Amino acid sequence: MSLIAATGISTPSMFAPASTPAFAIRDLSFLVLAVVTLIFIVVAGVTLYAIVRYRRRPGEDGGDPPQVYGSTQIELAWTVVPFLIVIVLFLTTTRYIFALERHAAPPDAVDVTVVGNQWWWEIRYPRLGIVTANELHVPVSDDARPTPTFITLESVDVIHSFWVPQLGGKLDVIPGKTNRTWIEPRTPGTYVGQCAEFCGVQHAGMLLRVTVHPKDEFDAWVAAQQAAAADVPAVRAGRDVFTSVACINCHTVRGTPANGLFGPDLTHLMSRATLGAGVAPNTPDNLRAWVNDPAALKPGALMPAMKLSNDQLDSLVAYLATLR
Amino acid sequence: MSVVAPPITAPDMALSRGGLLAALHDWVVTVDHKRLGIMYVVSGLAFMLIAGLEAGVIRWQLAAAGNTIVSPQVFNRLFTVHGTTMVFLVGVPIVFGFANYLVPLMIGARDLAFPRLNAFGFWVFLFGGLLLYFSFLGGDGLYGAGSAPDVGWFAYAPLTARAFSPGNSTDYWNLSILVTGFGTVATSINLIATTLTMRCRGMSLGRMPLYVWMMLVVAAMTVIALPPLSAAQIMLLLDRFLGAHFFDTQAGGSAVMWQHFFWFFGHPEVYILMVPGFAMISEIIPVFSRKVIFGYPMIVAASLAIGFLSMTVWAHHMFAVGMGAPLNSAFAASTMLIAIPTGIKIFNWVATMYGGRIRFATPMLFACAFLFQFLCAGLTGIILAVVPFNWQLTDSYFVVAHFHFVLVGSLIFTIFGAIYYWFPKATGRLLSERLGRWHFWLFVIGFNLTFLPMHWAGMLGMPRRIYTYPADRGWDLWNLIASIGVPFQAAAILIFLLNVVVSLRRGERAGRDPWDAWTLEWATASPPPPYNFETAPVVESRRPLWDLKHPDDPDGPHE
């Protein structure tokens, strides 16, 4: 498998935040890193000093040094000081926990439901009537009109975990338990993440990307996604292949007989940058290879090889390529 | 009624001839705590070699983006079996093996309280471990060639349900860990009974060596923490074979409940493995610093505090589960609190070295590296207790780095230190110092090369348990460095094995007390006779051999 993503991807570092919760976590992490670095320098320094200063030197007599059995004052001191540090860290941590978990949604917040599947993400916008997969599109938020995105997490099979480091911390996606998290991107761009809880064979191939649009661009994206699927007469043959073999058992293309629910919604397949939850760029060649045998790009993927003839493949891919 | 002695049967000819068969027979039927202890440690080391090979393949695969050395299916089996082996078949048997060997000697007893139970514990562990590895051979005919477990060492539900884990791979994991767990609980009960009832004259609880104190705490933690895991595993068996729905989310079961069960065992387990490391270090550092341990009562109190607090921190493995702000805060508090007694121990060890005359024999080298690496492990532990920070770091390579600093950088280092320290007692010969230094330096370099960069990979967003990663994520360099550390560690282990083989034959004779030490095990021959002590020892302080060597200034008045 070649996990090659498209261009313009930067390292998903938690120290390059682009969203309000991620900024908050980075700021907290700087404080914590400063505290532990200081502790490290002091303790490691004293340890190193003891090792160097009190090493046995050649020529010293074999006698034992004075025996010191303990000291109540010293031991009390090195109990109380860590205790004070712990109190400060705990209070700071708690403040951040409550601020991040109890953040209320403003009126213009976008609602998204992300559903974990073995090994892809279904993405639903219940208030906008959009269903897509693997690539989350959200508007940028600003102070004038905050438009954070509130994400409801559900799973249809095993536990997954939703994690886009530059936008926020991770939250598990658990069957039978509905979790809620939020992001508030401040800068347009594409941010990558992936499933962070081991979920089976293709855990590594369950990638995720979030595209943050300027507000008008996001509205345009929404309008395009809400449109019906393209119906181009020239590719009617491919459409017939699609509706006459098992594709429709698992995939939906709105406005056609295809209304399967096991696989990603393909109504606007070609609007997505990647295939197979991010394992390959969405090019006609890759699309053909994927339909021919998904396991070649993503070993263990649950979509079976459809055993189509070359002609069927050509016309099917020609049809899929029209689903913009 | 007269008592008739059973007739003495003629000795088996094959056995009486001596040789390999007789020796093997002796080892198999033994109930001697020293032999069982050695067998525990040797089997643990054998499993460590296997788990190390698995780790080597994992690092080979991850050395570059998009590698295809192994398939995802094989990769998942490798990290599952690696983790399971290192925790249950390496860490546990080695630390309990040492306790088996040392506790009776240190308290002046002739054996553990229940020698047959002890033998039972060992054989149950060994066959449980072999059962796990049998899974590599035992294809089930339905689900691929092999059926080694591939659900991760913490086997999260519902990935372990029949629907997502067909075949018998998960059952191998389940049964083998269930069985070794019985052995571990049996050994723990044995250690508690021995420590409480079989101490020699004069050895009050307050005079026990710190090693014995800490193993008492460890045994108590095991008895409390392990049965919940066994219970959960039995529930999983019921789910998989009898259609129960404890963890079956499709039928209303709870996936989160498995995590609570598992980590209620799993976090005390970290301390069950790490406190024995503290125990060994607390014996090694004073002897090589030539000073009495600083603040004995404080270290005992800190150990007890760790034992209690370790039962209250389990859900810090679950901060990303969505437990809600109040529970997250509570577990952050308990996790930060447990850092205090742990920190106190570090201060006490350093204070023991301070003002000493430190002799850097190999055991002390490992102890010094332990101090720095454990400091790192503890501080990354604090970082992980800061819940919002944890939301970024959990399940990333940062966590992989953190717990390898605990379990390798701290535990395995102390175990090696302990092997160099007590090998002369168990065999009568010293390990080579020259090879020991090679072993130490190669292992320090290799360990840090492999595990330091993983902190960065994790903070750059690399999740754990992925069999490959895209080239554009900026993780390549850190993974490459991590993989370069592997040959250094492998060379260190090979040198260690060479050292054992060579020293067993030609090592310097140790005598009773090669390190000029102070606890009772050094008062008897090396190796000790089957009955340990010719006469029952009597002690008057925490360092009976110090009293013998310094009749003018015994420890007693200072305690």
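Chain B of this predicted model has an average pLDDT of 94, and 95% of its residues score at least 70; pLDDT is the predictor's confidence in each residue, on a scale from 0 to 100. The model as a whole scores ipTM 0.95 and pTM 0.95. Local features are described here only at pLDDT of at least 70 and side-chain atom pairs only at 80 or more, whereas totals for chains, interfaces and linings use all residues. Residues are numbered from 1 along each chain as its sequence is written, and chains are lettered from A in the order in which they are written.

The contact between the chains draws on 77 residues of chain B and 78 residues of chain A, two residues being in contact if their C-beta atoms, placed from the backbone, lie within 7 Å. On the side of chain B, the elements that give two or more residues include helix H4 (72–106) and helix H10 (325–353); helices here are DSSP runs (H or I) of at least four residues, numbered from the N terminus. H10(B) gives the most, with 15 residues. By class, this side has 48 nonpolar, 21 polar and eight charged residues, where Ala, Val, Leu, Ile, Met, Phe, Trp, Tyr, Cys and Pro count as nonpolar, Asp, Glu, Lys and Arg as charged, and the others, Gly among them, as polar.

Within chain B, helix H13 (residues 397–427) and helix H14 (residues 433–459) have axes that come within 7 Å and cross at roughly 165 degrees. Axes are lines fitted to C-alpha atoms, for helices over the stretch in contact, and angles run from 0 to 180 degrees between N-to-C directions. H13(B) is therefore roughly antiparallel to H14(B), a description used for angles over 145 degrees. Among the residues that make this contact are Phe405(B) of H13(B) and Phe451(B) of H14(B). The contact has 13 nonpolar, five polar and no charged residues.

H13(B) also packs with H4(B), at an angle of about 35 degrees and with the axes 11 Å apart. In this pairing, residues including Ile94(B) and Phe98(B) of H4(B) meet residues including Leu411(B) and Ile415(B) of H13(B). Nine of the residues in the contact are nonpolar, one is polar and none is charged.

A further site in chain B is Ala361(B), in the loop between H10 and H11. Ala361(B) is buried because 22 other C-beta atoms lie within 10 Å, the cut-off for a buried residue being 20 or more, with C-beta atoms placed from the backbone. Beyond residues up to four places away in sequence, Ala361(B) touches Phe288(B) and Glu433(B).

Methods:
Buried ≥ 20, exposed ≤ 12 C-beta atoms within 10 Å, placed from the backbone. Parallel < 35°, antiparallel > 145°, perpendicular 65-115°, else oblique.
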